[in-house]
Amino acid sequence: MSEEILAEEKGKNLEEIKKEAENKACPVQRNLYFIEEFIAGPMCGRGYPCALGTQEAKIRLLRISQHLEGVSPSDVEAIRRIASNMIEGSFCKKGKDTGRFVIETLAKSEDDFNQHISGACPKKECINLIEYVINPELCIMCGKCQESCKYNAIVGEKRELYLSGYLPFEIRQKRCTRCGECVKVCPTGAIEIITTKIEEEVVSNK
Amino acid sequence: MVKLKIDGKEVQAPEGMNIIDAAELAEIHIPNLCYLKGMKGIGACRMCLVEIEGMKAPVIACNTRVKDGMVVNTKTDKVQEIRKFVIDLILSMHPLDCMTCTKAGVCNLQKYAYDFELKESSFTRKKSGYPADAANPFIKRDPEYCILCGRCVRVCKTQGTNVLDFMGRGIISKVTTANDKPLQESECTFCGSCVDVCPVNALLEADRWRKGREWDYEKIRSQCLSCGNGCDIIVSTKDGEVAKINAGAPGGSYERYICAIGRFGFDSLKSDTRVTSPMKRVDNELKEITWNEAVSIVSGKLKEAGESVGFISTAGILNEDALTLKKFASDVVKTKNIDTSISLYADAESMRAEDANLEKADLMVIVGLNPDQWTRVLPAIDAIIRRKVNAGAKLIVINSGEPRIASVATVNLKGNEASTLSMLAKTLEESQKSKVKSPESETKGAEEKETSPFEKAAELFAKAKNIVILAVPSLYAASTNIAVIANKLLLPVPEVVAVPIEANAKGVTLMGLVTEGRSYKEMIAGKAVKVLYAVGEIPLNSGVRPKVDFLIVQNSHLTSLAKQADIVLPSAAVLESDGTIVDYLGRLKKVQKAVEPPEDAKTHREIFIKLAKVLGKAIKKPSETAVKKATKVKKGKPSMGPFKKQEGFDIDPVEMIESLNASVINGSRLLWLKEVEKAVEA
């Protein structure tokens, strides 16, 4: 009984966190997840590079991933600096591992980070930087997406055989929360996820 | 000694020293924020990281011991970047307030920001939003400025008061009291040790604001004379007034301490009860008169009474004043009735005793003593003992009651002290005899047999290298028996010290203020003296006038005794005179004048010299050599005496210390504390 409690308190170990981070496609999201796990997990909370640095890193990552006001290339620089100092200066293995993960992700996908600053998420995960759109050429106006949307974000009229003229199905961006339910039910794969600055070919999500 | 190289400089350091202290010997400063000299480094701030040749990763200098042949680099690019990073982070959560901050000039954060050229933080601005605690007139806590270094927490823990701790972790942590209560609702004694170690403006004196910047202050080293500890202090003055008082022992010293009375009592220098001019009793009221009139009246009365004059004094006066008083009384007035309040709790023999070195002691024995930070009875000894026990020293408590300090004792021998000492002596003799007989049996059977507390104590005696026995003066003679026995048994001989309640009891005794006529108790009751001359803050006098024909009181403040006097002479307070004292460990310490006394107040010796001149016999100001000569004690060979507690010295130290400091307490912000305590009790 006590072992379970201890295991719970020990938190997830490095391998588990890395694996769960892989579930995220976007490297920014991956870093954010890792940092949040660090803050939530047990730590000594005393060393300045770790305790204070990760809080600052979280603020910067949120800024990048949500494209908040004031985002700039300095945010990436700050994160890089925090992570490298955590590797060199922190007390414990946990801090050093976190620093290494962030630096490696940055090294592999620096371009992705920079694109976020311009307002695009190449992996199409960061909510504020993507949009869901319905491709009218593929849409058969079955109305399944409208039924599945909890937020009443899809407008349009179902095609009835006896009606002429129609209202095309559209997703109202202000209401869309990017939950992805509509994509799941669309039979023709007409709903695409695009990122605002770069437009790509239709990607069908399975 | 160990030889190593730091930044290219050859350094010789004692074994076991950490790199930060070793670098200081070579005048190299390694930046640090959470390091506290004298305590083990914890490595939380990561500022002191240094690179050692041969080691891959940087190591913390505060907790790494020097090794022969080490080559240390304190300023490589890597560690400088980490330091800059840390200061940058701290600045992002610190109010950028250098313009009006009271710590400007002595702030470590400011210093390092300057060294690393950080004008502002490159990180997002964060604010804790925690409110300040300024509800008491002693210490102000402002968590906005706190950099979470933890120095205050550790200092408070090692001295046993345990008031402050971290609440929460990481960036939202806060240094506060249990349940985040204001200081006066915690166990805080307001000693201010935390204020002395805080590197920034998070803990400071409550009235520090608008009292000038640190560089405006003149700093004077002196002693506090409120109780038998005689703690070192540093007095900061500005424009001729005391601004604040800090503990004076060097950082890291085991003795660095000053209690609330010493730290905050200086308000009383300007209180309403201050005597600012000589006064004469006219129609049952005190009227101000000139010095000339006062001197002529007093000298007239002294000449008239001659042998039936009695002098009583407290032991809070300086050596020079005591020496002058002795000369005045015996050579000028020619009376034998000179005594001090020491005779309420000690005999002269115990006060003439030898010195002791408490710093090196690895075994301390307290006999009948009850040092207590919370009741402010010899609080520095309480803090010192707890700190030393924390650092590995052992403590034996011999007391008939349950002093608070017994909770950190290695062996607690509760019971009648005299019989306990006698039993301890017997156990020492027996254990030595049994060792001589069969040395193997000690190692074999020792673990299985249950040892009595006395046997445990005897074991500690045998294993220790430097033993110091701190005794109440009434048990001093009995305690020296232990030293005699230890000497006989070829064990390490303990140094025995009688700890007085008053600061300069040893000095005053050595200067010769020991009665050859009537005693203090007799004189204060008014027996057999016609004229009584009382010097200092005479304690435990409930305002009842002693039955004498003429009463002269010479003090800085108007006490209840002074209100009954025929003549009151204004004297300078402690912070207003120069001189020396002999502290409880036998050290000759300098007291320096910090501020000028009020215009008409004079030091005690000046008053006696003035009176002597009028009485026709001149006495000179005592010289340094005269004082030093008087402090030379002839160390006789101690001999065995009976294990007995001396009678007639049963005075309550709590009452006595409060009474001795009554004017200071009632005339300063300490009065607030008394009222709060009363309210809590009610």
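So, before anything else: when I say "domain" today, the bounds come from an automatic or database domain assignment. With that in hand, take chain B, where the centres of domain 1 and domain 3 of chain B are 56 Å apart, taken over C-alpha atoms. And please keep in mind that what's on the screen is a predicted model.

Let me stay with chain B for a bit. Its domain 1 covers 2–75, domain 2 covers 108–270, and domain 4 covers 350–498, while domain 3 is written in pieces: 279–346 + 504–574 + 599–631. For secondary structure, chain B has 22 helices and 26 strands. What does its radius of gyration come to? It's 28 Å, close to the 26 Å from the globule rule for 682 residues, so chain B is as compact as a globular protein of that length. On confidence, chain B has a mean pLDDT of 89, with 97% of its residues at 70 or more.

Okay, now the bit I'd like you to zoom in on. There's an open sheet in chain B made of seven strands, with mixed pairing, and the order is 14-13-24-23-22-15-16. Which strands sit at the edges? Those are strand 14 (285–288) and strand 16 (337–340) of chain B, each pairing on one side only. On average, neighbouring strands in this sheet are turned by 20 degrees against each other, ignoring direction.

Strand 13 and strand 14 of chain B run antiparallel, joined by four bridges, and Met279(B) is opposite Glu288(B) in strand 14. These two strands make a hairpin with two residues between them, and in the turn Asp283(B) has a positive phi of about 55 degrees. Strand 13 of chain B is also antiparallel to strand 24 of chain B, through two bridges. There, Lys280(B) faces Ile567(B) in strand 24.

Is the next pairing, strand 23 with strand 24 of chain B, parallel or antiparallel? Parallel: four bridges join strand 23 (residues 550–555) to strand 24 (residues 567–570). One pair to click on is Gln554(B), whose bridge partner in strand 24 of chain B is Leu569(B).

Then the helices. Helix 7 (residues 291–305) of chain B packs on this sheet and touches strands 13, 15, 22, 23 and 24 of chain B, its direction making about 120 degrees with that of strand 24. Helix 8 (residues 319–333) of chain B packs on the sheet too, touching strands 15, 16 and 22 of chain B, and its direction makes about 175 degrees with that of strand 15.

The assignment gives chain A a domain 1 (2–118) and a domain 2 (127–195), and their centres are 35 Å apart over C-alpha atoms.

And how do the chains meet? The contact takes 18 residues from chain A and 21 residues from chain B. On the chain A side, helix 4 (48–66) and helix 5 (73–89) each supply at least two residues. For the complex, the predictor gives an ipTM of 0.73 and a pTM of 0.86.

That's me done, thanks.

Key. Residues numbered from 1 in each chain as written. Chains lettered and ligands numbered in written order. Predicted model: local features only at pLDDT ≥ 70, side-chain atom pairs only at ≥ 80, totals over all residues. Contact = placed C-beta atoms within 7 Å. pLDDT = per-residue confidence, 0-100. Pairing = 2+ DSSP bridges. Axes fitted to C-alpha atoms, helices over the stretch in contact; angles between N-to-C directions. Rg over C-alpha atoms; globule rule 2.2 N^0.38 Å.
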